[in-house]
Amino acid sequence: MKTNGITGIIGAMDAETDGLVRATDVIERRMFGGSETVVGTYGGNVLAVVRSGIGKVNAAFAAQMLIREFDASRIIMTGIAGALGGVLRTLDLLVPDMFVQYDVIMPGAPDGYMDILDSVGVAPDAKLSSALAAACGAHRGWLATGERFVDTDADKADILRRFPFAVGVDMESGAVAQVCARLGVPMACVKVISDSGDSGEYADFKTAAADKAIRAVLSVL
């Protein structure tokens with residue numbers, strides 16, 4: 001997939017971005033707001049790769065920065081996620097077709113309601129998501145985002161009770177999707193399952209999962 005413009009790529013942790021940086025022919029490195037963005041080329045594409053940091057605020061900042069400071073014309077979120085509902089297994093690939101924020105709870109509104117968008121869910125760019133999924137053979141499904149590591153059966157059951165279509169959970173992607181929707185920038189996401197809500201699994205598989213997500217992004221580029 002060769003594209004015009006700059007493709008911004010966001011990963012929350014070093015393990016989710018280092019392989020992308022190594023694969024690019026680096027043009028420049030620039031610091032902004034405490035984050036280093038690496039601009040380079042790969043497969044005829046110009047990439048701007050940034051480690052956002054963990055959590056929704058950091059992820060939203062990174063998306064806004066790539067769009068406004070680096071003129072990114074599309075955003076890809078990559079990295080790892082936890083499994084929900086028994087659909088996905090460790091090291092499965094997920095390209096979400098809907099994002100929800102399970103920790104947004106307000107009186108008089110449905111859980112996850114985003115008032116500016118007047119919606120509970122926000123969909124990624126269909127064309128970019130389909131290209132990602134086809135390139136890496138990923139599962140499709142809803143991804144639920146919130147500000148905590150989900151590691152108990154009670155937490156998982158609560159999310160599934162309110163968002164029964166969710167098959168994965170993370171701490172960043174829903175925020176990136178919301179920023180891109182508000183700014184009219186195409187966004188897609190590829191995540192690899194690192195665990196099913198077990199901190200031991202996460203420690204064992206997070207590096208392998210992050211590496212697999214990187215290979216998926218490179219395959220579509």
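A crossing of two helices is called left-handed if the near helix is turned anticlockwise from the far one by less than a right angle, and right-handed if clockwise. The legends below concern a predicted model, in which local features need pLDDT of at least 70 and side-chain atom pairs count only at pLDDT 80 or more, while totals for chains, interfaces and linings use all residues. Residues are numbered from 1 along each chain as its sequence is written, and side-chain values use heavy atoms, with hydrogens and water left out.

**View 1. Helices H2 and H5 cross in the right-handed sense.** Helices (H or I, at least four residues) and strands (E, at least two) are DSSP runs, numbered from the N terminus. The axes of H2 (residues 56-69) and H5 come within 8 Å and cross at roughly 35 degrees, where axes are lines fitted to C-alpha atoms, for helices over the stretch in contact, and angles run from 0 to 180 degrees between N-to-C directions. On the H2 side the contact (heavy atoms within 4.5 Å) is made by Lys56, Ala59, Ala60, Ala63, Gln64 and Ile67, and on the H5 side by Ala175, Val176, Val179, Cys180 and Leu183. Sorted by class, these comprise nine nonpolar, one polar and one charged residues, with Ala, Val, Leu, Ile, Met, Phe, Trp, Tyr, Cys and Pro counted as nonpolar, Asp, Glu, Lys and Arg as charged, and the others, Gly among them, as polar.

**View 2. Helix H5 is mostly covered.** Eight of the eleven residues of H5 are buried, where buried means under 20% relative accessible area, exposed over 50%, and partly exposed in between (1.4 Å probe, protein chains only). The buried residues of H5 include Ser173, Gly174, Gln178 and Val179. Just after H5, Gly184 takes a positive phi of about 70 degrees. Glu172 is itself buried, with a relative accessible area of 5%, and, not counting residues up to four places away in sequence, touches Ala12, Gly53, Ile54, Gly55, Ala59, Met77, Thr145 and Lys191.

**View 3. Strand S1 pairs with both S4 and S5.** Two strands pair if DSSP finds at least two bridges between them. Strand S1 (residues 6-11) runs parallel to S4 (residues 45-51) over six bridges, and Gly11 stands opposite Arg51 in S4. With S5 (residues 72-83), S1 pairs in the parallel sense over five bridges, and there Ile10 has Met77 as its bridge partner. Five of the six residues of S1 are buried.

**View 4. The largest nonpolar core holds 31 residues.** Such a core is a set of buried Ala, Val, Leu, Ile, Met, Phe, Trp, Tyr and Cys residues joined through side-chain atoms within 4.5 Å. Ile10, Leu66, Ile75, Phe99, Val176, Cys180 and Met187 touch the most other members. At least two residues each come from S4, H2, S5, strand S6 (93-101), H5 and S9, and H2 gives the most, with six residues. Apart from this core lies another, of 29 residues, among them Leu20, Ile80, Leu128 and Ile214.

**View 5. Cys189 is found in strand S9 (residues 187-195).** At 0% relative accessibility, Cys189 counts as buried. Leaving aside neighbours within four places in sequence, Cys189 is in contact with Met77, Leu94, Val95, Pro96, Phe99, Leu132, Leu143 and Ser173. The C-alpha atoms of Cys189 and Asp97 are separated by 8.9 Å, although these residues are 92 residues apart along the chain.
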